[in-house]
Amino acid sequence: MSKKFRYAITFFIVLILGGTIGFYIMKNQTKSLSPEETITYRHDNLKVNVFYNRPYKKEREIFGNLVPYNKVWRTGANEATTFKVNQDIMVDGSLLEAGEYTLWTIPNKDSWKVIFNKKMYAWGIDLTTEDAARDPEYDALTIEVPAREKLNVTEQFTIYFDRQQEMHMLFLTWDKTFIAIPFNKSRGIDTTTEV
């Protein structure tokens, strides 16, 4: 093996190790600014898990500025937000099959598009372009829901569940904006799986 070849191999190994270590250092540092959270919602035999990272407002203008309008958002910070459901559900009247998805949004002033994507991503953005890492080819479901304004400010981006009458609701709220995503069990064949 020639000396140049050994140097080239050593260089590439150091480059790969350095990049990997750098990525994990960056990932750990951003966790303190936008801590991760997993929430679980259960009702009868329905189980839904959402994993996401929670950035703070910190006196910034959020929607239309930090999170631009009409552009895909990873719906939090750091990794892409994930949504796991153990059975088929109807999301705002459209079927979403049991499984694991990444959850993306396209905020606008009056309404948001909510996208359930079948692909899992290592990070929520492409680090070279800083655009959302989502590949639309894997979109399983896209719905549009109204954006509503609140009187008070939510300092830290928050996702939570609630039940209103016979409907389950997934809420996303930050700053003075919130959206509500209605869902219910599918009335078809029971497709319950482990989540």
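In the predicted model, V91 stands opposite S94 of strand β5. The strand β4, which spans residues 89-91, is joined to β5 by three bridges, and the two strands run antiparallel. Strands of a sheet pair through backbone hydrogen bonds, in either a parallel or an antiparallel manner.

The pairing of β4 with β5 forms part of an open sheet of four strands, arranged in the order β5-β4-β10-β9 with antiparallel pairing. The edges of this sheet are formed by β5, residues 94-96, and β9, residues 148-164, each of which pairs on one side only. On average, and with direction ignored, neighbouring strands of the sheet are turned by 35° against each other.

Two or more lining residues are given by each of the elements β9 and β10, the latter covering residues 167-185. The largest share of the lining, three residues, is provided by β10. In terms of residue class, seven of the lining residues are charged, five are nonpolar and two are polar.

Conventions: Residues are numbered from 1 along each chain as its sequence is written. This is a predicted model: local features need pLDDT of at least 70, side-chain atom pairs count only at pLDDT 80 or more; totals for chains, interfaces and linings use all residues. Side-chain values use heavy atoms; hydrogens and water are left out. Two strands pair if DSSP finds at least two bridges between them. Axes are lines fitted to C-alpha atoms, for helices over the stretch in contact, and angles run from 0 to 180 degrees between N-to-C directions. Ala, Val, Leu, Ile, Met, Phe, Trp, Tyr, Cys and Pro count as nonpolar, Asp, Glu, Lys and Arg as charged, and the others, Gly among them, as polar.
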